[in-house]
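Please examine the rings first.

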Amino acid sequence: TAANMDDLRLSLRTSRRMSITPVKPPAEDTNPELSASDLEDAWRQVHDCPDKSYKETAFATQEVTCSLDHYEQLFLADNAPHGYVQFMTGVGDTEVVATPWSPMDEDYNKSRTVEYSHPINAPLAPPKARARKEQRLRRFGNYGISLETDTYVDDVPMTDCFFVTDRILIHASKDGAVTISAYFDIRFVKSTMFRSIIANTTRSEFLKWFQSLVSMVRREASALQAAPLLVSEDKESEEDVSEVAKETTPLIQRRRSSTAAPPLPTMVGASPLSPNLTKILIGLVSLVMLLQVQIVFKMNGMQQSMMAVQL
C-alpha cells in the first residue's frame, strides 16, 4: 500500500544518514606539558611585556630575600603561615575565609576565592561590608609566578558599578631572591555620576593595601633568612609544603624573641625598677600631690579669713 511505501522510503533515508554520519576524532590534550624553554618564553611575555589594561602601578621591582619556592610556601600555598587570611586579618578585615586552591584550565594552574568582611568608613554606609577576592594563579616553572585577583564588594551603595582587578608578578632572579611587582585597575561595569569619587577613593585605599602587603612580605622573608627553611630539591606536594611552612613559624618567632630589645632603664645607667618598688614610688608621689592640694586649700581659706577681718 501507499502507507507501507512511505514507511519504507523514510527508513531508507534514515539509514543513509546514519551510514554517512562522521565519527568524531578523540579529543586532543589541551594542556600539554611545556618544556623549560617554553615556560621561560611564556614568562618573559608576561613579565617583560606588562598588560596595559592594568593602568595603576602599586609597586615595581621590590626585592624579597627568598626563593620562588619559599615565597609560594610562605605567602600563597594553602595554610601558608603568612598568607592572605593572616595578612587581611592583620590589616582590619574580619571573617576571612579562603577556599583551597583548585585546578583550572591550561591558562591558569589553580584558582580560589577569599571571602571576608571589610570595614567601611563612609557616611550613610554600614560599618562593614561583605567582599570577596577571586584569585587565579599560574606558575611558570622556576621562572616566576603570576597571581591575578578580582575584588568585589557587596552591601554598599554603588559598589555594583565596579570591581578592582590586580596582578602580582613574582620573578625569580639569578641570585636566589625574587622581585615582585603589582599592578591594578578599577573597572566600571555601570555608569555612575560618582565615578571620579569612587576611583580616587578606591585608588588610595588599594595603594595603602599594597604597601602594607609588600612590607609584610619583606619583613617575613627577612625573618626566614634568620631561620632558614630546608626544602628538598624534588617537587613537593602541596600538603608537604603546608607542613614545612608550619614548622617554619615557630623558628621565626623564637628568633624574634631572642633578638628582642631589652627593656629600657628608667634612668641612664640605672637598671629597670622592680614591680614592688615601682608601686611604692607611685604611692609616694600620689601622697605628695595630695598634701600639696591640701596646703593650697588651707592657704586659700586663710586668705579668705584675713579679707573678712579687714572688711
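Phe-210 is buried, with a relative accessible area of 0%; buried means under 20% relative accessible area, exposed over 50%, and partly exposed in between, with a 1.4 Å probe and protein chains only. Phe-59 is likewise buried, at 5%. The model is a predicted one, in which local features need pLDDT of at least 70, side-chain atom pairs count only at pLDDT 80 or more, and totals for chains, interfaces and linings use all residues. Residues are numbered from 1 along each chain as its sequence is written, and side-chain values use heavy atoms, with hydrogens and water left out.

Rings of Phe, Tyr and Trp (its six-membered ring) pair if their centres lie within 6.5 Å; planes under 30 degrees apart count as stacked, over 60 as edge-to-face and the rest as tilted. By this rule there are eleven aromatic pairs. The pair of Phe-59 and Phe-210 is edge-to-face, because the ring centres are 6.2 Å apart and the planes stand at 70 degrees. Since Phe-59 belongs to strand 1 (residues 56-64) and Phe-210 to helix 5 (residues 195-226), the pair ties together parts that are 151 residues apart in sequence. Helices (H or I, at least four residues) and strands (E, at least two) are DSSP runs, numbered from the N terminus. Both residues belong to a cluster linked by ring pairs, whose members also include Tyr-84 and Trp-209.

Tyr-152 and Phe-163 form a stacked pair, 5.2 Å centre to centre with 25 degrees between the planes. Tyr-152 is partly exposed at 22% relative accessibility, whereas Phe-163 is buried at 15%.
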